[in-house]
Amino acid sequence: MRDIRRSSRSPRRSRPVAAALLLAAAMIGTGVSASPAGAATAAADPASFWTAERMRQAAPLELPAVDRGRTKAPSLAKGPESTVAPTLPGTTSETGALAFPNGGGAWTGGGAVVSTAGRVFFSYQGRTASCSGNAVTSANKSTVITAGHCVKLEGAWHTNWVFVPGYHDGQAPYGRWSATKTLSTPQWTASEDINYDIGAAVVAPLDGKLLTDVVGGQGLAFNTGYNRAMYAFGFPAAAPYDGEKFVYCSGNTNRDFLLSNDHGMNCNMTGGSSGGPWFTQFDEATGTGLQSSVNSFKYNFLPNRMYGPYFGTDAQNLYQTAQSS
C-alpha cells in the first residue's frame, strides 16, 4: 500500500504520476529497513531463501508519492463486463456472518479466502520486503494477482519473488511458490501510473503440483463499474499491524474524486497489505468472490481510507497474458 502526498524532494522523472520514494515513516506506512536476515542478491532458489526468520523480518515498501499538482486522472479503457468464476479444490469450510461494513479487523472466518490469499515476499534494493496477493482461476493454474508496485518499483523489477498462501506466524502451510515471471500493466511498467497499479506473477509448480490445484482460485470481474459493496483482504505489516494477521475491510465503495480513477473504501490497513484482493459478490459463508481490485494506496490526509485500481480492459489484458504464460 502506498501513501499519496506532496513530495518534498525533486522527482527523478517528471511525469503526472511521480514515483519518487518518500523517506521516513508516515502514519500509514513504514520504509523498508535492512535486517541481518534480509540483505541479499537474487537467490538461485527463492523458496529456500525465504526462511521463517526472513519472512518475519520482511518490511513493507517505502511509499511512492503522487504529484499533487495533477488535478484530473486520465480516462480508463473500458469494455463489456466480464467475469471468471472461482475454482475450489474440494470442500470449502464455512463461517458465520461477520460485520458489514468493517473498517479493519482480523478475519476470524474460514472459507476459501484463507488459502487463496497470502503474503508476497521479495528483495527490493537488496533488502527483504513484503506485500499481499491472491491466487485466481487461470488457464495455467499458476497465476497470482497483486499490486504493480509489488512486482516493480522505481524502474526495477523485484527479485526473489515468492507467494506464500495462507501465511501465518512465519509459517507457509501451503508452501512457498516461486515466480517464474512477474508482469504488470503497460502503464505501470512504463511510468508507474497510480491508476494502473496492478501486477501479476506466474509461479512454478511445487512438489509436482500447480498452485490453484492446491489452494483454489478466486474468480475475477472486469469493467463492472463503481459504487459496489466490496471486501478487501491483506497482511498489513506497518504499525499497528505486524504482518502476522490476516485482516479484512468491507463496505460500500465509491470512485475517488481526487487524483485517480480508483475505488475507495474505509479501511485502516497499512503498508504490507498492498496487492491484497478486493472482491465483489463476496460470500462470507464460503470465502469466495470475484476479484475486482487490489489494495494500492492511501492519501496521507485520509489515513483510514484505502484505494484500489479499477479493473478495466488493461487489467483484463494483464490477466489474460499472465494466465497464458
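Guide: Start with one cut-off: a residue is called buried when its relative accessible area is under 20%. Leu-153 has a relative accessibility of 1%, so Leu-153 counts as buried. Find Leu-153 in strand β8, which covers residues 152-153. Now look across to Thr-189. In sequence, Leu-153 and Thr-189 are 36 residues apart. In space, their C-alpha atoms are 8.9 Å apart.

Keep in mind that this is a predicted model. Its average pLDDT is 83, and 80% of the residues score at least 70. Be careful with residues 5-40, where pLDDT stays under 50. The model still has 100 contacts beyond four places in sequence for that stretch.

Next, the nonpolar interior. In soluble globular proteins, nonpolar side chains tend to be buried together. Here the largest nonpolar core has 34 residues. Within this core, Phe-122, Trp-161, Phe-163 and Leu-211 touch the most other members. Pick out Phe-122. Beyond four places in sequence, the contacts of Phe-122 include Trp-50, Leu-61, Cys-131, Cys-150, His-158 and Trp-161. There is also a second, separate core of 19 residues. Among its members are Val-113, Val-162, Ala-172 and Phe-235.

Now the rings. The whole structure holds 23 aromatic pairs. One of them joins Trp-107 and Phe-282 edge-to-face. Their centres are 5.9 Å apart, with 75° between the planes. Trp-107 sits in the loop between β4 (102-106) and α3 (113-116), while Phe-282 sits in strand β18 (residues 277-283), so this pair ties together parts 175 residues apart in sequence. Both partners are buried: Trp-107 has a relative accessible area of 7%, and Phe-282 has 11%. Arg-119 lies over the face of Tyr-167, at 4.9 Å from the ring centre.

Finish with a lysine. Lys-298 belongs to strand β20, residues 297-299. Is Lys-298 buried or exposed? Its relative accessible area is 0%, so Lys-298 is buried.

Key:
Residues numbered from 1 in each chain as written. Heavy atoms only, no water. Helix = DSSP H or I, 4+ residues; strand = E, 2+ residues; numbered from the N terminus. Buried < 20%, exposed > 50% of the residue type's maximum accessible area, 1.4 Å probe, protein only. Phe/Tyr/Trp six-rings, centres within 6.5 Å; stacked < 30°, edge-to-face > 60°. Lys NZ or Arg CZ within 6 Å of the ring centre and 35° of its normal. pLDDT = per-residue confidence, 0-100. Contact = heavy atoms within 4.5 Å. Core = buried A, V, L, I, M, F, W, Y, C linked by side-chain atoms within 4.5 Å.
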